[in-house]
Amino acid sequence: MSSKGGLSALKDLLFEEEKKKYTELNDKLKEVNVRIDDSLNNRTVPDKEIDQIVGKMVQVMPEKLGPTITETLKVQIRESKDEVVQALFPIIGQMIKKYIAQEIAVLSEKIDRQIESLFSLENLALRLKATFTGQSYGELLIQKASEAQIQEIFIIEEHSGILMASYSRNKTLDQDMIAGMLTAIKSFVKDSFEGKNQDLETITYDAFSVYVQSFNKFYVAVALSGVITAEFKQKLDDAILKFIKDTTAKLTDLDEKKLSRKIEHHFQKI
Amino acid sequence: MEISKKVVVAGHFGVGKTSLIKRFVHEKFSDQYLTTIGVKIDKKQVDVNGTSVNMILWDIAGEQSASKIPKNYFIGAHGLLYVFDLSREETYKDLNDQIFEITKGNPDIHTSVLGNKSDLVDKVLIEELKTEIPISFRNTSAMTGDNVEEAFKTLATNMI
């Protein structure tokens with residue numbers, strides 16, 4: 001007997017039991033594989049239907065589970081306020097920082113422009129004002145940079161809301177529709193609060209406001225940006241009254257374009 | 001020549017006022033305004049024999065009764081489009097009262113009555129309704145666009 005043959009006989013003797021178990025295990029595995037293949041081949045629901053069911057579930061899930069998830073989130077937020085604040089604080093903080101930085105950049109640009117025209121008559125007047133009023137020149141410069149600016153002016157028929165004339169610094173929306181919408185808001189306020197002799201005066205939205213001055217058959221709406229001081233409001237009131245006084249007789253004679261040019265020319269002085 | 005006219009579009013809830021306007025108009029404000037103050041403004045320019053008519057359409061949110069709508073919305077209107085649903089009797093049974101309520105402070109207003117959703121009802125029923133309802137109306141369908149353009153253009157012609 002060679003040494004190789006002897007070793008094999010020894011292996012057979014030592015691992016006879018294990019070899020038997022290995023063969024049994026292998027057979028069972030083969031059987032399981034055959035069963036899986038059979039059930040996949042003989043299944044009653046085809047792939048297409050499964051896809052449809054999954055698709056439907058995806059559609060229905062937000063509707064069915066949405067309220068439960070929302071409620072769960074609400075409860076979680078209510079019960080873990082500190083954690084929520086902790087998580088949101090860095091994000092909100094960053095947002096506020098970014099906003100302030102942006103606003104400061106805008107303000108600084110405006111101040112730069114003012115300083116560039118340092119020797120203009122306007123700035124000279126500002127320096128004189130600072131000397132006489134005791135206010136600092138810088139303070140006056142900041143005030144000037146953030147002062148109100150007319151963005152749009154509308155002259156609108158009181159009840160119909162039909163636009164008679166308008167001026168716009170940068171036309172973004174349809175002027176006729178803005179006139180209609182302003183009139184609708186004005187009518188809504190008047191009707192809701194039953195103020196027979198009262199009228200809507202200002203609509204404020206963020207740093208933007210619409211100042212309304214009503215006359216008998218029409219009203220003037222001025223859209224403004226920036227800080228509206230009492231002094232500016234007074235100036236605007238005077239300018240509107242003067243414009244109406246000078247133009248009332250011609251309001252129906254002038255066409256919309258001519259009247260719009262007149263508005264632009266008149267209000268540029270403010 | 002270019003002229004502007006205010007047109008109020010009124011009628012019961014769900015009769016298809018906004019859909020009719022959507023069919024006719026392309027320029028429009030966000031629909032949100034309608035739910036906020038009860039009115040949405042749209043605009044459509046129509047040419048009537050060389051005259052350009054800017055129709056400023058006030059789409060009034062549907063209410064059960066015209067008496068609940070702020071009166072100021074109707075003041076100064078040059079035209080009224082009163083819309084009802086041909087398939088729902090409750091939207092036209094009090095037609096006379098509803099139109100009277102809207103027009104009583106504005107006798108010069110040009111009124112057009114539209115029976116909308118003609119695609120949902122039988123032609124025979126439309127003919128029956130034309131004899132039953134005391135006010136003459138035009139049947140429209142915001143769904144198919146049937147008669148919509150004509151309804152607005154006829155009103156524009158009547159207003160100038």
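Please keep in mind that the model is predicted.

I start with the core. The largest nonpolar core has 30 residues. Those with the most contacts inside it include B:Val8, B:Trp58, B:Leu80 and B:Leu95. Helix H7 of chain A, residues 175–193, supplies at least two residues of this core. From chain B, strands S1, S3, S4 and S5 and helices H3 and H4 each supply at least two as well. Apart from this core lies another, of 22 residues, with B:Val7 and B:Leu114 among them. As a general point, nonpolar side chains in soluble globular proteins tend to be buried together.

Next, strand S1 of chain B. What does S1(B) pair with? Eight bridges join S1(B) to S4(B), and the two run parallel. One of the facing pairs is B:Glu2 opposite B:Ser52 in S4(B). S1(B) is also joined to S5(B), by four bridges, again in parallel. There, B:Ala10 has B:Tyr82 as its bridge partner.

Now helix H3 of chain B. Which of its residues are buried? They are B:Leu95, B:Gln98, B:Ile99, B:Ile102 and B:Thr103. Seen down the helix axis, these buried residues fall within an arc of 120 degrees, so they line one face of H3(B). In general, an α-helix has 3.6 residues a turn, so residues three or four places apart point the same way. The buried residues of H3(B) pack against S1, S5 and S6 of chain B. On the face turned away from that buried side are the exposed residues B:Asp97 and B:Phe100. Leaving aside neighbours within four places in sequence, B:Leu95 is in contact with B:Tyr82, B:Phe84, B:Val113, B:Ile133 and B:Ile135.

Is B:Ser112 buried or exposed? B:Ser112 counts as buried because its relative accessible area is 13%, and the cut-off is under 20%. Not counting residues up to four places away in sequence, B:Ser112 touches B:Leu80, B:Leu81, B:Tyr82 and B:Leu155.

Last, the helix from the other chain. H7(A) has 19 residues and reaches 27 Å from its first C-alpha to its last, close to the 27 Å expected. Its buried residues include A:Met177, A:Ile178 and A:Leu182. At the N-terminal end, A:Asp174 caps H7(A), with a side-chain oxygen 2.9 Å from the backbone nitrogen of A:Asp176.

Technical notes. Residues are numbered from 1 along each chain as its sequence is written. Chains are lettered from A and ligands numbered from 1 in the order in which they are written. This is a predicted model: local features need pLDDT of at least 70, side-chain atom pairs count only at pLDDT 80 or more; totals for chains, interfaces and linings use all residues. Side-chain values use heavy atoms; hydrogens and water are left out. Buried means under 20% relative accessible area, exposed over 50%, partly exposed in between (1.4 Å probe, protein chains only). Contact means heavy atoms within 4.5 Å. A nonpolar core is a set of buried Ala, Val, Leu, Ile, Met, Phe, Trp, Tyr and Cys residues joined through side-chain atoms within 4.5 Å. Two strands pair if DSSP finds at least two bridges between them. The expected span of a helix is 1.5 Å times one less than its number of residues. A polar contact is a pair of N or O atoms within 3.5 Å; within protein, one must be able to donate a hydrogen and the other to accept it, and residues adjacent in sequence count only if both atoms are side-chain atoms. The arc is that of the directions from the helix axis to the C-beta atoms.
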